[in-house]
Amino acid sequence: MSATAPQGAAAGPLTAAQAARRERVLRAALDLAAEGGYDAVQMRTVATRSEVALGTIYRYFSSKDHLLAAALVTWTNDLERRVARRPPKGRTPADRVGDVLERATQAMERQPMLTEAVILAISSPDPGAASCQGEVAGSMARVMDRAMPDDLDPGVRADVARVLNFVWYGALLGWVNGWSGTDSVADEIRNATRLLLDQFG
């Protein structure tokens with residue numbers, strides 16, 4: 001099945017070869033960000049690392065922030081697959097949702113430069129980056145949905161996931177900007193999950 005180009009880049013479906021090139025570009029951006037943070041991701045360097053022509057990269061991604069935001073989409077999709085393979089643990093819904101969010105946070109803590117790069121990019125007003133925000137939120141909502149009670153009203157599930165996504169993102173933003181430490185991220189997640197989900201057992 002063919003992929004579709006992201007908003008802000010060339011429109012229309014991608015061929016298998018184009019999708020493979022786009023994936024190489026995304027993985028190169030993730031690797032560079034993990035090695036050197038936001039400033040290390042330069043479009044020419046990405047082109048060299050991925051062995052994809054610079055002009056081709058700009059057909060997929062309108063800017064550096066668009067590229068890094070799309071790389072965060074890739075990262076959250078990877079997280080979604082990992083959670084599917086290893087389901088959430090915990091006695092209560094709050095425990096289980098907290099488990100998946102803390103696992104996501106721990107993965108980001110292990111790569112602080114990458115985290116800084118993608119959080120700064122997804123926060124950008126750049127239209128290409130903004131086009132990725134919904135995809136990231138959707139992926140994180142599906143991750144959290146796996147941990148919620150099966151009998152919980154779908155509207156409530158969606159509302160809880162949206163609020164927790166904002167809490168998680170806000171806590172990460174505070175961390176990468178130096179407003180708080182990594183312990184604060186975990187504390188905010190635990191507090192929010194309990195406030196929202198303890199009522200459901």
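Biologist: Why does Gln111 count as partly exposed?

Modeller: Gln111 has 34% relative accessibility, and a residue is buried under 20% relative accessible area, exposed over 50% and partly exposed in between (1.4 Å probe, protein chains only), so Gln111 counts as partly exposed. Its place is in the loop between H5 and H6, where helices are DSSP runs of H or I with at least four residues and strands are runs of E with at least two, numbered from the N terminus. The C-alpha atoms of Gln111 and Pro149, 38 residues apart along the chain, are separated by 31 Å.

Biologist: What limits apply to such values in this model?

Modeller: This is a predicted model, in which local features need pLDDT of at least 70 and side-chain atom pairs count only at pLDDT 80 or more, while totals for chains, interfaces and linings use all residues. Residues are numbered from 1 along each chain as its sequence is written, and side-chain values use heavy atoms, with hydrogens and water left out.

Biologist: How do you know that H5 is largely enclosed by the rest of the structure?

Modeller: Of the 17 residues of H5, 12 are buried, so the helix is largely enclosed. Those buried residues include Pro93, Ala94, Asp99, Arg103 and Met108, and the buried residues of H5 pack against helices H4 (64-85), H6 (112-122), H7 (127-145), H8 (154-176) and H9 (182-197), contact being heavy atoms within 4.5 Å.

Biologist: What span is expected of H5, and how far does it reach?

Modeller: Helix H5, residues 93-109, reaches 24 Å from its first C-alpha to its last, close to the 24 Å expected at 1.5 Å a residue, the expected span being 1.5 Å times one less than the number of residues. H7, with 19 residues, reaches 28 Å and is likewise close to its expected value, here 27 Å.

Biologist: What makes H4 and H7 roughly parallel to each other?

Modeller: H4 and H7 pack at an angle of about 10°, with their axes 8 Å apart, and these helices are therefore roughly parallel to each other. Among the contributors to the contact are Ala69, Val73, Thr76 and Leu79 of H4 and Ser131, Cys132, Val136 and Ser139 of H7.

Biologist: Is Pro127 buried or exposed, and how do you know?

Modeller: Pro127, which lies in helix H7, has a relative accessible area of 61% and is exposed. In H7, Gly128 and Ala129 are among the buried residues, and H4, H5, H6 and H8 are included in what covers the buried residues of that helix. Gly138, also placed in helix H7, is partly exposed at 22%.

Biologist: What makes the pair of Tyr60 and Phe61 edge-to-face?

Modeller: The structure holds one aromatic pair, and in it the rings of Tyr60 and Phe61 are 6.3 Å apart centre to centre, with 75° between the planes. Rings of Phe, Tyr and Trp (its six-membered ring) pair if their centres lie within 6.5 Å, and planes under 30 degrees apart count as stacked, over 60 as edge-to-face and the rest as tilted, so the pair is edge-to-face. Tyr60 counts as buried at 4% relative accessibility, and Phe61 is buried at 0%.

Biologist: How do you know that Lys64 lies over the face of Tyr38?

Modeller: A charge sits over a ring if NZ of Lys or CZ of Arg is within 6 Å of the ring centre and within 35 degrees of the ring normal. Lys64 lies over the face of Tyr38 at 3.9 Å from the ring centre, and Arg82 lies over the face of Trp75 at 5.8 Å.

Biologist: What is the phi of Glu51, and where is this residue found?

Modeller: Most residues other than glycine have a negative phi. Glu51, although not a glycine, has a positive phi of about 60°; this residue is found in the loop between helix H2 (43-50) and helix H3 (54-60) and is exposed, with a relative accessible area of 69%.

How values were computed: Axes fitted to C-alpha atoms, helices over the stretch in contact; angles between N-to-C directions. Parallel < 35°, antiparallel > 145°, perpendicular 65-115°, else oblique.
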